[in-house]
Amino acid sequence: STNLMVERIRFWSAQMTEPRYFLALVPKPPTHPETALILNHGWFDRPEDLLKYLHLDQVYGTLLDRGELRPTILVVPDVRFKSLRHLRSDQFPAPDYLTLVAEEVVGIVSHRYGIPLERGRWAIGGFSFGGYMSLDIARRYPRRFASVSVISGLFDSKWTFWSPPPLVSNKSEGCESNETVVAPGPAPNLFLACGTQDWLFAAMRTLHSRLERIGIPSEWV
């Protein structure tokens with residue numbers, strides 16, 4: 001796209017004790033985005049696949065040209081892990097993606113692109129495993145993300161959400177504990193979507209119904 005820069009940012013992850021990277025789709029000057037959306041890929045994907053197969057950069061650039069979206073930094077972190085078994089939300093001290101995405105990636109993006117750490121400036125979402133991650137991160141960091149989108153994702157039936165009032169951890173907002181609790185904070189804007197022929201449709205419908213029962217609104221497509 002002529003109106004976007006695609007940057008590949010490498011960094012050392014203290015959480016993973018290895019080098020990691022993310023892709024950033026950045027609107028070119030004179031545009032100065034003041035918001036960021038973290039988009040998490042699926043289990044079998046890599047960040048570049050969203051450009052190669054979903055043409056994320058072309059779609060986003062076209063929508064920017066049409067004025068249909070406000071300019072934002074689109075961030076696609078590398079969330080490939082060696083074993084799903086170690087990424088369950090109730091693992092102790094916490095699944096690796098919590099700190100990797102919500103603290104390390106967010107911190108670098110905030111510093112590099114000048115996005116303040118105000119809740120209203122940050123959103124997170126993803127599909128499949130990326131949707132699972134995004135929902136877990138958003139419930140654990142309710143004061144960081146104003147919205148979360150889950151596309152054809154899944155969730156853990158043991159999870160607690162933002163209502164009724166959550167248990168309060170005596171640790172950081174990330175709640176690095178083997179209990180599935182969330183830190184105090186408001187529910188984000190929620191967008192849930194899944195095709196009716198998708199094998200995860202039943203899980204997504206269950207998630208939507210459960211949130212409805214506890215009084216958490218969401219847009220369900």
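The model is predicted, so to speak of local features needs pLDDT of at least 70 and side-chain atom pairs count only at pLDDT 80 or more, while totals for chains, interfaces and linings use all residues. Residues are numbered from 1 along each chain as its sequence is written, and side-chain values use heavy atoms, leaving out hydrogens and water.

**Exercise 1.** Find the setting of Arg20, and say whether it is buried or exposed.

*Solution.* 
- Start with the strand: Arg20 sits in E2 (residues 18-27), strands being DSSP runs (E) of at least two residues and helices runs (H or I) of at least four, numbered from the N terminus.
- Next, accessibility: at a relative accessible area of 5%, Arg20 is buried (under 20%; exposed is over 50%, partly exposed in between; 1.4 Å probe, protein chains only).

**Exercise 2.** Describe helix H5 and what covers its buried residues.

*Solution.* 
- Take the span: the 13 residues of H5 (201-213) reach 18 Å from first C-alpha to last, close to the 18 Å expected at 1.5 Å a residue (1.5 Å times one less than the number of residues).
- List the buried residues: Phe201, Met204, Leu207, His208, Arg210 and Leu211.
- Their cover includes helix H4 (129-140) and strands E6 (147-153), E7 (189-193) and E8 (219-220), with contact meaning heavy atoms within 4.5 Å.
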